[in-house]
Amino acid sequence: MTLIDAPAPEISAEARDLLPPVFLDWFRSRGWAPRDHQLALLEAARAGKSSLLIAPTGGGKTLAGFLPSLVELAGKGPRKPGLRAPRLHTLYMSPLKALAVDIARNLETPVEEMGLPVTIETRTGDTPSNRRQRQLRQPPDILLTTPEQLALLLAYKDAERFFKSLKCVILDELHALQPTKRGDLLSLGLARLEAYAPGYRRIGLSATVAEPDILRGFLMPQDSPDQKSVSADTADTAVPTVSSVYALSLERAVPKKEKHAHLVMGRAGARPDVRILSSEERIPWSGHTARHAVPEIYDIIKQRKTTLVFVNTRSQAEMIFQHLWHVNDENLPIALHHGSLAREQRRKVEAAMAAGGLRAVVCTSTLDLGIDWGDVDLVIHIGAPKGASRLLQRIGRANHRLDDPSQALLVPANRFEVLECEAAREAAINNVLDGGGRRLGGLDVLAQHVLGVACSAPFRADDLYKEVTSAAPYATLPRATFDRVIDFVATGGYALRTYDRYKRMVERPDGKFYAASPRVAQQYRLNVGTIVDVPKIKIRLVKKVTSAGRAGRGGRILGEIEEWFIEQLTWGDTFLFSGKVLRFEGMAEAEAIVTRTRDDTPMVPSYYGGKFPLSTYLAERVRHILAEPKAWGSLPPQVSEWLKIQKYRSVLPRADQMLVECFPRSDKYYMVCYPFDGRLAHQSLGMLLTKRLDRMRAAPMGFVASEYALAIWGARDLGRIDMAALFDEDMMGDDLDAWLADSNLLKRTFRNCAIISGLIEKHYPGQEKTGRQVTFSSDLIYDVLRDHEPDHILMQATQQDAATGLLDIARLGQLLKRIKGRIVLRNLDRVSPLAVPVLLDIGKETVHGEVAEVLLAEAAEALIEEATRLE
């Protein structure tokens, strides 16, 4: 929560009308005046309207969201002694536990300074159980929590009593929640709250987004299916806006059937100052470490007060932190922050950052959102950001004040990333955003919610269907699909109904459903949520290990690493974690015991699900930059020269075309295509193409996919193949079905859906399933359903996830449609400059540390010499 500390304008008449004197005095004491969008939310609340506030970082969004509640609570006076009736007034929803804690701390300042009779508490997974129990009996006025905790609260038997006094729900960083399964769960929770506290006010707070109407619809309850009009003539162009300098007029057609929240647009802040590092070193052709630029990054950190260094993955964070420490001659306080570190370590870094005790923090998406970090004056983004909206969110952490421009420096790790960084820089400067579109709610999330409702109180299917379809992600849910979800929760579905363990709901004679047993309710509470964690092992650092191989007592937990990585270690192996080089000493009581050591070539753990997909907008912009030599003027000379040689040796396609290059090298033949549609879609394309090539007897031997390209190699010349037939859209039919049937990625997607739906439970009272046990169980069920009930509701949920998740099938379909009739084939006598980066990706994951640098450098030199030879 940040307000401007510049000289304040006069308190307006509107502010004097909307704010009590104690609030006006508080603003004056700070030298501030309420901003127009803060007053607009007060006015909307007075009229009983729900609102969506969209404003840039530093505009006082959070205080604006809380002001109506604080004013209402201030007018009611303190609680009477001994009063036991619930008085929960406002529920604040945060996507991050740390953000909820930070906002509570910041909110307490004005409450204390004004002497308001308002109680404020947080409720997260870190809240002690005794406090959570006390909150159920005596809730605070304002409770700050997360979607998962809301689901838990709604599943308690006295949920109606707890929520019946609710007047307002504030949803912070709404743009981060809406397009996810956590957003699905939250939307269902909002619909359930409507049954307990009809007409409660909803306030959404969001950074700038491409399509605000999607968030407006998400906030509001939608009409029930029998009330929805299907006529295109029922358009209402009178979208409510706020008449002020902060308003954005949205005169567009919105169907009456789709309800929207009142829209308040905060005045745009200063245009960000975004630059790309012009490195004096040679920009690598491949790789993601940006090691070449570390000395330059360190010099920039020395010149600044506080710098946030963002990277895209936890592995990158560990590597960059280690590289910075190697050049940290002045011993600057530089810290590391990512989600796998121990909570205590993260909180320690956050406290030091807030106190101004650090010069830099290397971080991942854990610091993306609106935590107030004080005097951050620069954001450095290492590697391409993968999305324009993500970049704007991150650079908004710098100069966290509305009227000061955020300053950011992009550091591309390789040559293709230079193009992506240039596209992202243009988007940030021009405030162009990439939106994800509307989302259909996950059926696995719905199944979890249905069981949660049954744990709270018996329900009728008709009533719950009407409630569920009032949530925007489920507004178009067919009744037949809903009934299949009910049947799945009650029986497991047709193929599983003979097993009692899958009968989690019972239907009473009066038609109401309820939880089958108290144990079912207990297991629901242990497994609630949509974040499916990969099995992890705690890392315990000890000072020494005895000669018998036993660790000394004590030590401390550094954090958690994924189980699969630890399983491949042997005694004496070294790896990077928590900013330290660690030596693996063995396992003890399900913990990995490590000691500190020195090693120039430690392994770096990698993490499932850690990479962001390249957004469609940035992919399109990269294709345009490649196709337009006039755009190369802003690129580093070595990159523009790379593209010029490519144009001379092969061709640079138009933005609407896809280039395919075929050439021999060593004893193999290569085919490289450049769709620029992201690694996930390219991996799926590679699997399908190799199967199709195998059927053609083209002898494919393997493939590698990057964010920008796909390379396939084989024993026969691939340049003689009919490319139009090879890339035909019909591969999305039988070829796709045949591949998906045995795909480990699809099985992994099913595993996640099974866990979220509650069919498979990881957590039991006093015990927990291992990763292998969960995978074994889910694979068995998957095989049963595939053979005996392929249209099972969980198989449907899995197919839905495959469209946009690990397989990105939907984007692959768009890719094939886009390139139809627009494939440009070039048969070459040797590798092209554009193909060098993806060929360098082949097999590099098996080599670690500086050895990798040497081997990659040697391979790169040979490839580069071959690709850039002009004769």
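A: A charge sits over a ring if NZ of Lys or CZ of Arg is within 6 Å of the ring centre and within 35 degrees of the ring normal. The structure is a predicted model, in which local features need pLDDT of at least 70, side-chain atom pairs count only at pLDDT 80 or more, and totals for chains, interfaces and linings use all residues. Residues are numbered from 1 along each chain as its sequence is written, and side-chain values use heavy atoms, with hydrogens and water left out.

Q: Which ring does the charged end of Arg583 sit over?
A: The charged end of Arg583 sits over the ring of Trp571, at 4.4 Å from the ring centre. Likewise, the charged end of Arg504 is placed over the ring of Phe488, 5.3 Å from its centre.

Q: Why is the aromatic pair of Phe66 and Tyr92 called stacked?
A: Rings of Phe, Tyr and Trp (its six-membered ring) pair if their centres lie within 6.5 Å, and planes under 30 degrees apart count as stacked, over 60 as edge-to-face and the rest as tilted. By this rule there are 16 aromatic pairs. For Phe66 and Tyr92 the centres are 5.4 Å apart and the planes 25° apart, so the pair is stacked.

Q: What makes this pair a tie between separate parts of the chain?
A: Phe66 lies in helix H4 (residues 61-76) and Tyr92 in strand E2 (residues 90-93), so the pair ties together parts that are 26 residues apart in sequence. Helices (H or I, at least four residues) and strands (E, at least two) are DSSP runs, numbered from the N terminus.

Q: Are Phe66 and Tyr92 buried or exposed?
A: Buried means under 20% relative accessible area, exposed over 50%, and partly exposed in between (1.4 Å probe, protein chains only). Phe66 has a relative accessible area of 0%, so Phe66 is buried, and Tyr92, at 0% relative accessibility, therefore counts as buried too.

Q: Why is the pair of Tyr465 and Phe482 tilted?
A: The ring centres of Tyr465 and Phe482 are 5.2 Å apart and the planes stand at 50°, so the pair is tilted. Tyr465 belongs to helix H18 (residues 461-468) and Phe482 to helix H19 (residues 479-491), and the pair links these distant parts of the chain, 17 residues apart. Both Tyr465 and Phe482 are buried.

Q: What makes strand E10 and strand E12 edge strands?
A: Two strands pair if DSSP finds at least two bridges between them. The open sheet has six strands in the order E10-E15-E14-E11-E13-E12, with parallel pairing, and its edge strands, E10 (273-276) and E12 (334-337), each pair on one side only. Four bridges join E12 to the parallel strand E13 (residues 360-363), where Leu336 stands opposite Val362.

Q: How do you know that Cys673 is too far from Cys662 for a bond?
A: A disulfide is a pair of cysteine sulfur atoms within 2.5 Å. The sulfur of Cys673 is 9.4 Å from the closest cysteine sulfur, in Cys662, so the two are too far apart for a bond. By this rule the count comes to zero disulfides. Cys673 has a relative accessible area of 0%, so Cys673 is buried.

Q: Why does Ser456 count as buried?
A: Ser456, in helix H17 (residues 443-456), has a relative accessible area of 6%, so Ser456 is buried.
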